[in-house]
Amino acid sequence: MPVLTTEGRLVGSVTGVDERYVQCRLPGDERQHFIPLEAVDRTGDAVRLNLTYREVLSIL
């Protein structure tokens, strides 16, 4: 499932979810990245964050 910023920009793909984080992989990066669940605005066809792309990069 894709992970999108408030601007609709693709961050990566969900690889898992736990009690506190969405785990995702960024394109071209094999590492796991963790985004706090508080950053999730809504889900459906994608995980939509309440953060801009710049804000996402600052927490990864």
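Strands are DSSP runs of E with at least two residues, numbered from the N terminus. The exercises below concern a predicted model.

**Exercise 1.** Determine where Thr5 is found and whether Thr5 is buried or exposed.

*Solution.* Step 1: Thr5 lies in the loop between β1 (2-4) and β2 (10-17). Step 2: the relative accessible area of Thr5 is 4%. Buried means under 20%, so Thr5 is classed as buried. Step 3: apart from neighbours within four places in sequence, Thr5 is in contact with residues including Val11, Leu49 and Tyr53.

**Exercise 2.** State the order of the strands in the open sheet and identify the edge strands.

*Solution.* Step 1: the order of the six strands is β4-β3-β2-β1-β6-β5, with mixed pairing. Step 2: β4 (33-36) and β5 (40-43) each pair on one side only, and they are the edge strands. Step 3: β4 runs antiparallel to β3 (residues 21-25), and four bridges join them. Within this pair, Gln23 stands opposite Phe34 in β4.

**Exercise 3.** For the salt bridges Glu30 forms with Arg25 and Arg31 with Asp29, classify each residue by accessibility.

*Solution.* Step 1: the closest N and O atoms of Glu30 and Arg25 are 3.9 Å apart. Glu30 is exposed because its relative accessibility is 64%, whereas Arg25, at 32%, is partly exposed. Step 2: between Arg31 and Asp29 the N to O distance is 2.9 Å. Arg31 is exposed at 55%, while Asp29 is buried at 16%. Step 3: a search of the whole structure finds four salt bridges; another one of them joins Arg48 and Asp45.

Definitions and conventions:
Residues are numbered from 1 along each chain as its sequence is written. This is a predicted model: local features need pLDDT of at least 70, side-chain atom pairs count only at pLDDT 80 or more; totals for chains, interfaces and linings use all residues. Side-chain values use heavy atoms; hydrogens and water are left out. Two strands pair if DSSP finds at least two bridges between them. Buried means under 20% relative accessible area, exposed over 50%, partly exposed in between (1.4 Å probe, protein chains only). Contact means heavy atoms within 4.5 Å. A salt bridge is a side-chain nitrogen of Lys or Arg within 4 Å of a carboxyl oxygen of Asp or Glu.
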